[in-house]
Amino acid sequence: MTKSKIVSGIVSAVAATLISTAPIQAQDLKIVTSMPSLGFPFFVHMQNSLNAEAEALGGIQVINQDGQNSAPKQTAELEAAIINQVSGVVISPLDSIALAPGVKQVIDAGIPVMTIDRRVDGVDGVLGHVGADNVIGGEAQANLIIKLFPDGANIVNLQGQPGASPAIDRNKGVHNILDSMSDKYVFVAEQTANFAREEGASVTESILAGLDSPPDVIVAANDDMALGALQVTQEQGLDIVIIGFDALPEALASVRDGGLTATIEQTPGGQSRLALQALVDHLRNGTTPEPLVLLEPFAITKDNIDMAERLSELN
């Protein structure tokens, strides 16, 4: 072997070593994003915001995963992320308990995990969580009910998917405020409609059929259920205040046009952007993000609809 070939071989070996030990560069990032179900417009918006932020930051390959409302499927996606040796994961877990083992596996494999919107319970080592303070969001719904009905109201409460942290927290917020005034604010029915529009409609129809008189308010843990309830009340010619949650474009249009009374803005696009920024900054610069960042939700009515994050998407 000639001297030049020996030198060339040494240089190649050194270069390979330098490449393997160099800090992660922009083009090196491969990030999995996992949503509970892209059948819900809310999570489509979160996913689109993640993709837009990745493009803005530059040099990031995003692998979008759809949990299809199945904890086993979302868990399998996490297992695939380990096999594919991705740089990091941003996940909104379908169920805060059922997804915990899968998230732990990813963390144990040395892959940083950011959660958005929904938390995981009982797992150490999650890099950080960015979400909305859903308890405050539920309290905002309750405070609006008090403002609209200072003398009291009969309330139907459409709850979200059991086990999902937003459903738990939003329900807690509503009860935090109204339970102390139970003599005036009465929950005449409370039932889950699993965050789904069709269930929101069918559950509302069933509840109304079982009541002696219509309620004053229907409060729903998301806009899909609220819009389902609105369909039923309109079909029956009932004038009932309906308050949703998530500020979807369709819900905002309904608020504008006098259908829904209000929805709760929780800035899901902002959640996505902040979470991805934190993960990328950690991967590229070694920074440690705040473990918990909660944006404060607030009620959107006709009076302040210009404050909605997705106002530009209205027809």
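This is a predicted model: local features need pLDDT of at least 70, side-chain atom pairs count only at pLDDT 80 or more; totals for chains, interfaces and linings use all residues.
1. Which residues of α3 are the buried ones? They are Ala71, Gln74, Thr75, Glu77, Leu78 and Ala81. These residues sit on the same side of α3, because the arc they cover around the axis is only 155 degrees. On the face turned away from that buried side, you'll find the exposed residues Pro72 and Ile83.

2. Now for a single residue in a strand. Thr115 belongs to β4, which covers residues 113–116. Is Thr115 buried or exposed? Its relative accessible area is 2%, and the cut-off for buried is under 20%, so Thr115 counts as buried. Leaving out residues up to four places away in sequence, Thr115 touches Ile91, Val120, Val126, Gly128, His129 and Val130.

3. How many cavities of 30 Å³ or more does the structure hold? There are 3 of them, and the largest cavity has about 110 Å³ of space. Its lining is made up of 13 residues, and those closest to the centre are Phe42, Phe43, Arg118, Asn222 and Asp246. If you sort the lining of the largest cavity by class, you get 6 nonpolar, 2 polar and 5 charged residues.

4. Last, the open side of things: the largest pocket. About 150 Å³ of space lies in this pocket. Its lining consists of Ala140, Leu144, Lys147, Leu148, Thr261, Ala299, Thr301 and Asp303. Which element gives the largest share of that lining? Helix α5 (residues 134–148) does, with 4 residues. By class, the lining of the largest pocket splits into 4 nonpolar, 2 polar and 2 charged residues. Lys147 and Asp303 are among the residues that line the pocket, and both Lys and Asp count as charged.

How values were computed. Residues are numbered from 1 along each chain as its sequence is written. Side-chain values use heavy atoms; hydrogens and water are left out. On a 1 Å grid over the protein atoms alone, a cavity is a set of points where a 1.4 Å probe fits but cannot get out, and a pocket is an open set with protein on both sides within 12 Å along at least five of seven lines; lining residues have an atom within 4 Å of a point. Grid points are joined across faces, edges and corners, and a volume is the space filled by probe spheres set on the points. Helices (H or I, at least four residues) and strands (E, at least two) are DSSP runs, numbered from the N terminus. Buried means under 20% relative accessible area, exposed over 50%, partly exposed in between (1.4 Å probe, protein chains only). The arc is that of the directions from the helix axis to the C-beta atoms. Contact means heavy atoms within 4.5 Å.
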